[in-house]
Every structure is written in structure tokens, then in C-alpha cells.
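Here's a quick briefing to read alongside the model. Keep the structure open and look up each spot as it comes along.

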Amino acid sequence: MEPNQKKANGLALIPFAVFVGVYLATGITLNAMGVEMAFYQLPTPIASFIGIIVAFAMFKGKFDDKLSVFLHGCGEENIMIMCMVFLFAGAFTSVSSAMGGVDSVVNLGMTFIPPQFIAAGVFVISAFISISTGTSVGTVTAVTPIALGLAQAGGLNQFLVVGATIGGSMFGDNLSMISDTTIAATRTQDVEMKDKFRANFKIALPAVLVTFVLLLIFGRPETLPAVQEYSYNIIKVLPYIFVLVASLLGVNVFAVLTGGILFSGAIGLATGSFSALELANNVYNGFSGMFEIFLLSMITGGLAKMVEKEGGLEWLLQKISKVIKNRQTAELGIAVMTSLTNIATANNTVAILIDSTIAKDISKEYGVDPKRTASLLDIFACAFQGILPYGAQILFACALMENLNSPFQVITQCWYQFILMAFAILSIFFAKGVDTKKATNKYVRLLKNMIEQYLKDLKVPKDELTAIERNKLLNEGKDVDRIMCCIDSGETLAPLIGCTLPEYYFSAEKMCELEEYIYNKFHSDGAGLSTTLRGMAEAMGSKIKYSDYNIAQLETPAISSLDEVDKLKRINVDEDGRLPIILKGLKMVKERLGDKVPVSGTVTGPFTVASMLVGTENLLKGMVKQPDKVLQMMDIITENNNRYIQRLLDMGVGVGFADPVSSTSLLRVKQYEKFSLPFFQKNVDFIKSQGGGCGLHICGTSRKLWELLIPTGIGTFGPDNVEDMAEAKEVLGPYMCIQGNVPPVEVMRLGTPYDVLRASRESIRKAYDSPKGFVLTSGCQTPMFTPEENMTALMDAARIFGHYPINQDLLWMED
């Protein structure tokens with residue numbers, strides 16, 4: 001059986017190359033002809049459209065199929081959210097400007113610049129204005145004439161003052177919540193603006209401080225200029241402060257921008273800046289002003305989807321992987337890639353949009369925190385944008401200056417951009433993170449330090465029982481050496497044995513080899529294999545896409561609509577999809593490890609399987625418009641699950657369920673009660689009818705479902721790390737064993753062994769005395785490239801803090 005895997009294809013990148021090439025060639029040609037703003041004459045959507053035409057012409061397949069892929073990319077949720085944020089940000093900027101907000105912000109800033117600190121003051125005020133308005137070009141245009149006048153009056157180097165103005169403007173462009181670059185970077189990397197702001201600010205703050213001190217020293221005027229009076233209305237500044245503060249507090253971006261628009265609109269109406277009809281036109285003008293970036297974002301998303309489907313991004317990832325070996329080189333690669341793209345396009349937002357997909361893939365493969373990725377994209381795009389001689393910021397500033405021989409007279413004085421890049425590069429090599437290839441002596445050292453702080457001279461206790469002995473005694477209500485602890489393994493850990501994910505997915509031997517490695521290396525208290533979230537759907541007809549270092553993804557659902565439910569197949573466990581491979585691998589695990597560790601098979605919950613058969617969007621719509629069809633489909637899935645479960649029971653292994661789509665992050669409780677719970681109950685009843693038991697894990701939020709799970713009769717429940725284990729103990733503990741819930745990404749993947757020990761201790765504190773038992777594990781599947789020393793730390797936490805009898809002084813000792 002061959003995996004349904006897209007081959008890497010470097011030629012698939014040609015449409016992207018055409019897009020960038022047309023844009024770059026046009027700018028260079030017009031610049032050589034002496035055309036002003038040469039790189040901004042050709043609308044970027046037109047260059048992208050030419051690339052799209054090339055993609056349609058060269059990619060094989062039916063036109064309708066290619067169009068479907070393109071439109072799917074255009075309409076992806078993150079793309080559309082980003083486009084809508086652009087519109088709302090444009091409306092806020094337009095309304096705020098029309099009511100006099102920009103003038104008041106500028107004049108407020110200029111009022112408080114001490115005459116003896118012109119350069120440093122201009123830098124700070126430009127930063128404030130830019131972070132408030134979200135536009136570096138607008139800030140440069142507004143502040144530069146005033147700054148030049150102050151420089152001339154004080155006999156100060158005008159190039160230095162203008163450089164400080166541009167630097168401050170780029171600071172705000174990089175960090176503003178309503179900046180195009182921030183919106184693009186956060187939405188494409190799936191991170192919250194406040195989280196990106198915090199990660200970015202840690203890099204930008206030292207750069208700002210160093211720049212400010214240098215400007216204080218070298219930017220003092222020869223003579224103090226006369227103090228001028230600038231009129232401003234503090235009320236008109238308040239909407240900008242509202243947007244900034246609300247964004248930092250984590251308020252939804254649409255709520256923030258809508259509030260900002262209404263706030264500015266109310267002030268404008270109250271002060272007579274515009275009428276109600278003019279307010280409406282200002283909102284629309286804001287929308288219109290964002291049309292180019294809106295259109296570019298949407299069609300670039302479609303082009304990226306086409307290139308991805310043809311294997312272009314896979315090819316690029318393979319080439320990059322030959323150079324990128326760890327987190328540091330991955331971050332450096334993202335920085336270089338963004339810088340080069342910005343140099344080619346002279347547009348920082350466009351550069352981020354072009355590089356976002358490949359940057360996201362690199363981040364996933366090498367464990368770069370998405371907040372870091374978004375920050376690096378934004379930092380290097382903005383920093384280079386602020387020093388390009390053909391960039392809008394330099395061009396606008398230079399156009400306002402007299403006696404200018406070369407734009408490099410200004411660029412060399414743009415200190416902030418160079419300092420920011422220097423600190424960003426330093427952060428790549430000194431930022432917190434764990435290299436998966438570092439020797440385990442780092443863990444030994446960190447554990448030693450931890451023991452010195454917490455345990456004094458106490459050593460990690462050795463296991464006195466095997467996992468199977470420990471499990472048996474616990475089931476009999478007898479004493480054991482420590483709490484149970486499991487490494488949540490699966491396909492994500494395939495690199496531990498040196499294989500790609502497709503090699504793992506299609507080899508029973510590799511599956512068994514990984515479970516043996518994990519048991520022998522870490523002595524985890526559990527072993528087993530999963531159908532994976534898409535395994536049952538694949539057996540029923542869905543097409544799955546496989547990549548070397550990304551988990552399998554749904555490519556084409558088995559049915560395109562619920563009207564085709566009757567076409568869904570009843571599976572043959574011995575023939576369909578990868579199920580025969582998984583069962584063969586599970587049999588091998590049972591034979592090789594069954595006398596040492598409990599072995600189980602994980603089944604995908606019925607509702608999650610449904611989402612993989614018809615697509616999540618169609619499923620959610622169907623619950624409203626075609627509920628009978630959904631229920632019919634759920635019956636078929638439940639029957640198929642039972643067929644597979646029967647084989648697990650015959651084999652003598654335990655049964656677990658993973659049902660992430662049943663989370664209340666996606667479903668209302670009433671929907672869960674009607675469309676998910678009854679069918680899960682049928683699977684549970686089938687297991688119990690044969691004397692078996694089972695467990696359940698739900699990703700995301702599940703608290704509202706806990707009381708509903710008590711009567712199901714499940715023996716174990718594992719909440720996601722977003723839920724509180726203390727509350728799980730209180731609500732579920734009297735009825736079932738609970739397990740969890742160390743954060744898998746923030747702690748297991750990106751933290752140090754010390755972080756793992758602390759987080760594990762916290763979970764043990766909350767749940768070790770749960771009435772029906774507690775198992776220490778991660779809050780979800782262990783991420784790919786999780787350092788082995790972190791997995792060792794998880795197991796050691798159970799041996800240290802969960803060793804019976806529990807040492808209360810040790811467990812509750814403060815840091």
C-alpha cells in the first residue's frame with residue numbers, strides 16, 4: 001500500500017517566482033527611468049494575478065479542480081479573518097484621522113519634546129504616533145516637516161533627526177495592533193496579537209533604549225530652538241489609547257476596532273468634525289483604502305494553496321531542511337527569508353504574506369514558538385523596509401529634504417532599524433528554548449540544580465515495579481511504589497527512531513519499534529497504537545495527505561455533502577485503509593511488551609470521524625439543516641468503530657478514545673448531547689458488554705461535558721491542559737481515574753526539563769489523591785521533536801513527587 005503523499009516539486013514554485021519577479025522587474029525598470037515611487041507604481045495584486053495565471057497554465061488537472069483549490073485557499077478562515085481585520089483597521093484609521101485624531105496625536109507629542117533633546121524626542125514621539133495609528137508612512141509624512149524645522153533651528157544634523165523619525169515610525173509599525181504587518185503576521189501564524197506583542201516587545205525594548213541613549217548623546221542641538229505652541233485636543237487622542245490598551249488586555253480584535261470606530265465617530269460628531277453621513281463615508285473610505293491589501297491577501301492565499309498542493313512548499317522545506325538543523329537555524333532562516341523578500345518587494349506586509357506559509361511549516365518542523373515566528377517575520381520585514389532606498393518611508397522622508405545628495409545619507413542615520421536587527425539576531429541564539437540534539441548532560445545538570453533547590457540531597461527514586469505490576473496492584477487497591485505516568489506517544493514521535501511520518505504510518509514494524517524505544521528508554525506506564533484522527537475516515541473513503549514531518553491531514557472528504565451519506569462504506573477491518581497495518585503493529589506491541597506494560601488501542605470518537613468524512617464545516621451546517629442525515633452518518637460510524645473495537649477486545653488490549661471535535665470549543669452542549677454523546681455511548685456499551693473498559697480524551701475545553709460523562713461508565717478521562725485538574729478531581733474523581741495534564745507545547749516541547757518538573761509537580765499537587773486514581777501525562781499528544789530529556793523529566797517527576805508515601809513537604813515546597 002502506498003501513502004497518498006504529494007511529491008516535492010520545485011517547479012511548482014514558478015508562479016510565486018513570477019509574482020515576485022514581475023513586481024521586482026517593474027520596480028527596477030521604472031526606477032531606472034526616473035519614475036518617482038517606482039516600486040509602488042504596479043499594484044501588487046496585478047503581479048500576484050500574473051503568477052496565478054501561470055499557475056493555472058502550468059499545473060495539471062481540470063480547470064474546475066484547480067479553481068476549487070484556488071478558491072479554497074482564498075477563503076481559508078485565517079485569510080478571511082485577516083482581510084476583515086484589514087477593513088476594520090482601515091475604517092478606524094480613516095474615521096480617527098477625519099475627526100482630527102492624527103493631528104492631535106502629532107501636536108501632543110511635539111508639545112512635550114524638550115528642545116535640548118530634539119533627536120531623542122522626535123524618535124519617541126514618532127514611535128508613539130506610529131503605534132497609535134498603525135502607519136509608518138503616515139507618521140513619517142506628518143512628523144518629518146516639523147522635525148526638519150526643529151533640526152534647522154537648533155543647528156542639528158538633519159539626517160540624524162529624519163533617521164530618528166523613520167526609526168520611531170518603524171517601531172510603531174512593527175508593534176501597533178492595527179498595523180498591516182502585525183495583522184498579517186499574527187493571523188498567518190495563528191497567534192493572538194497580545195502574545196505576539198509581548199514576544200516582540202522583549203526584543204524591541206532593548207533596541208529602543210539603546211537608540212534613545214545614543215540619540216540623547218549625539219542628538220543634542222548646537223542652539224536651543226524657540227519653543228512653539230502646538231494645539232491639540234486630548235479627547236481626540238483617547239480612541240488610540242483605547243485601541244492600544246484593549247488590544248494588550250486581549251480583547252477580541254474585532255471588538256477593539258469596532259469600539260475604536262464608534263469612539264472616534266462619537267468624538268467627531270460631538271466636536272462637529274463631520275456629520276453622520278460623512279462619518280459613514282469615512283468608514284467606507286477606510287474600507288476602500290484597504291482594498292489593495294485585502295485583495296492581495298486573498299488571492300495570495302489562493303496561489304499559496306495551489307503551490308502547496310503541487311508540492312512546491314514540500315520541495316522548499318526539503319531544501320531548507322538541509323541547511324536548517326535546529327531551532328536557532330530555523331529562526332535565522334525565517335529572518336533571512338523575510339529580509340530578502342522585503343528587499344525584493346519593498347513592501348513589508350507583502351513580504352510577510354509571501355513568506356508566511358513556509359515560515360509556519362518551518363516553525364512546526366523545528367519547534368519554533370508561533371509567537372516567535374510572527375515576531376521575526378514582522379521585525380525583519382519592518383527593519384529592512386525602514387532602510388530600503390526605494391522603500392516608501394525613505395522616499396517620502398527624502399522628498400521633504402533639501403540639499404540631499406543620496407538617500408544613504410539618511411539610511412546610515414536610521415540607527416534603530418540596525419540595532420533592532422542586532423538584538424533580534426542575538427535573541428535567536430540566546431532565547432529560551434531546547435535544542436533537540438543537545439546531549440542529555442544538560443538535563444542532568446538542570447535536574448541536579450532542581451534537586452539542589454527543591455530536594456536538597458534526595459536522588460530520583462528507582463522504580464520498584466514494572467508498569468504491568470504497578471497497574472495490576474492499583475486495580476486491586478493495593479500499595480504501589482509511585483503514581484502512574486505515561487508518555488502520550490504516537491506518530492509525532494516517529495523521528496525518535498529516525499523515520500519520517502509516512503514511513504511510520506505504513507509500517508507495523510516501525511510502529512512497534514517506536515513503542516519499544518519509548519518503553520525501554522523512559523519506562524512509560526503505557527504502550528499502544530492509535531488509528532490516528534483520520535485513520536477510520538480513510539478506511540471509509542476519505543483521502544489523506546501525508547508529509548514527512550507533519551501529521552496526516554484530510555485532503556478530500558469521503559463525501560462532498562450529507563446527501564451522499566448512503567455512499568459511506570461499512571469497513572472491512574482486514575482490508576480498508578491503514579487499519580490492517582495498525583492491528584498488525586498492535587499485535588507485535590502486545591507480543592513484545594505485553595508482559596511488561598499495559599497495551600491499548602486508541603479509537604477516534606464517532607463525532608470526530610464524522611468531521612473527517614464530510615468536512616467540519618459541512619458537519620456543523622448539517623446539524624442545523626440536515627440533522628437526520630448527520631444522525632444516519634453517526635450510526636454508520638458507530639458500527640464501524642465497533643467492528644474495529646471488536647478486534648482490539650479479541651486481542652486482549654485496552655481501548656481508549658480521542659474525540660477532539662466534540663470539544664465545547666466547537667460544539668454547544670445540546671449539540672453534543674444529540675449528535676455525539678449517544679453514539680460514543682454505544683461504543684462504550686459495546687465494550688462493557690464484553691467485560692471491557694475504556695478511557696476518553698477530549699482536546700480543548702470540555703468542562704461543560706463532565707457531568708454528562710459520569711453516567712457513560714468510562715474508566716478514565718484525560719482533560720486538555722486548558723482545564724483545571726483540581727476541578728477535574730472534584731467533579732470526576734469520585735467516578736473515574738483522571739489523567740493529565742502537563743502543557744504539551746509550552747512545557748513539553750518548548751520548555752526545559754526544569755519547566756517539565758515544575759509543571760508536573762503542579763499537576764500532581766492537584767490530583768495525586770483523586771479517589772479513583774490519577775495518571776501523570778501531558779495534556780495532549782506529545783509534540784514532534786519534543787526533547788528526550790523533557791520526556792525523561794516527566795517520568796522522573798512521577799518518581800520524585802509521586803513516590804509513595806507522598807512527601808508533602810517536598811510536594812508543596814515553594815520555589
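Just past helix α26, G541 takes a positive phi of about 125 degrees. Bear in mind that this is a predicted model. Helix α26 itself covers residues 532-539, and seven of its eight residues are buried, so the rest of the structure largely encloses it.

**Around α26**
- The buried residues of α26 are T532, R534, G535, M536, A537, E538 and A539.
- T532, found in helix α26, has a phi near 60 degrees, which is a positive value in a residue other than glycine.
- T532 counts as buried, with 10% relative accessibility, and the cut-off for that label is under 20%.

**The chain as a whole**
- The protein chain has 37 helices and ten strands.
- It runs to 815 residues, and 55% of them count as buried.
- Take the contacts in the protein chain with a separation of 6 or more: residues 24 or more positions apart account for 77% of them.

**The nonpolar cores**
- The largest nonpolar core has 118 residues, and those with the most contacts inside it are F19, I166, F171, V410, Y416 and L420.
- Helix α4 (residues 77-98) supplies the largest share of this core, with ten residues.
- There's also a second, separate core of 111 residues, and I581, L677, M736 and I806 are among its members.
- Back to F19: leaving aside its neighbours within four places in sequence, F19 is in contact with T44, A47, S48, G51, L296, T300, L303, V350 and I354.

**α1 against α2**
- Helix α1 (residues 14-32) and helix α2 (residues 44-58) have axes that come within 8 Å and cross at roughly 150 degrees.
- That angle makes α1 roughly antiparallel to α2, because anything over 145 degrees gets that label.
- The crossing of α1 past α2 is right-handed.
- On the α1 side, the residues in the contact are I14, P15, V18, F19, V22 and Y23, and they meet T44, A47, S48, I50, G51, V54, A55 and M58 in α2.
- Sorted by class, the contact of α1 with α2 has eleven nonpolar residues, three polar ones and no charged ones.

**α14 against α17**
- The axes of helix α14 (residues 291-309) and helix α17 (residues 348-366) come within 10 Å, crossing at roughly 20 degrees.
- α14 and α17 are therefore roughly parallel to each other, since the label applies to angles under 35 degrees.
- α14 passes α17 in a right-handed crossing.
- From α14, the residues I293, L296, S297, T300 and A304 meet T349, V350, L353 and T357 in α17.
- The contact of α14 with α17 divides into five nonpolar, four polar and no charged residues.
- F19 shows up here again, as its contacts include L296 and T300 as well as V350.

- C382 lies in helix α18 (residues 370-385).
- At 1% relative accessibility, C382 counts as buried.
- Not counting residues up to four places away in sequence, C382 touches M170, D173, N174, T181 and N348.
- C382 and A351 are 31 residues apart along the chain, and their C-alpha atoms are separated by 9.7 Å.
- K674 is found in helix α31 (residues 669-688).
- K674 is partly exposed, with a relative accessible area of 43%.
- With residues up to four places away in sequence left out, K674 touches P627, L631 and F679.
- The C-alpha atoms of K674 and L631 are separated by 8.7 Å, while the two residues are 43 residues apart along the chain.

**Backbone details in the loops**
- D190 lies in the loop between α9 (180-189) and α10 (193-218).
- D190 has a positive phi of about 60 degrees, although it is not a glycine.
- D190 is partly exposed, with a relative accessible area of 42%.
- P805 is found in the loop between α36 (788-800) and α37 (808-811).
- The peptide bond from Y804 to P805 is cis, and its omega is near -5 degrees.

Notes: Residues are numbered from 1 along each chain as its sequence is written. This is a predicted model: local features need pLDDT of at least 70, side-chain atom pairs count only at pLDDT 80 or more; totals for chains, interfaces and linings use all residues. Side-chain values use heavy atoms; hydrogens and water are left out. Axes are lines fitted to C-alpha atoms, for helices over the stretch in contact, and angles run from 0 to 180 degrees between N-to-C directions. Helices (H or I, at least four residues) and strands (E, at least two) are DSSP runs, numbered from the N terminus. Angles under 35 degrees count as roughly parallel, over 145 as roughly antiparallel, 65 to 115 as roughly perpendicular and the rest as oblique. A crossing is left-handed if the near helix is turned anticlockwise from the far one by less than a right angle, and right-handed if clockwise. Contact means heavy atoms within 4.5 Å. Ala, Val, Leu, Ile, Met, Phe, Trp, Tyr, Cys and Pro count as nonpolar, Asp, Glu, Lys and Arg as charged, and the others, Gly among them, as polar. Buried means under 20% relative accessible area, exposed over 50%, partly exposed in between (1.4 Å probe, protein chains only). A nonpolar core is a set of buried Ala, Val, Leu, Ile, Met, Phe, Trp, Tyr and Cys residues joined through side-chain atoms within 4.5 Å.
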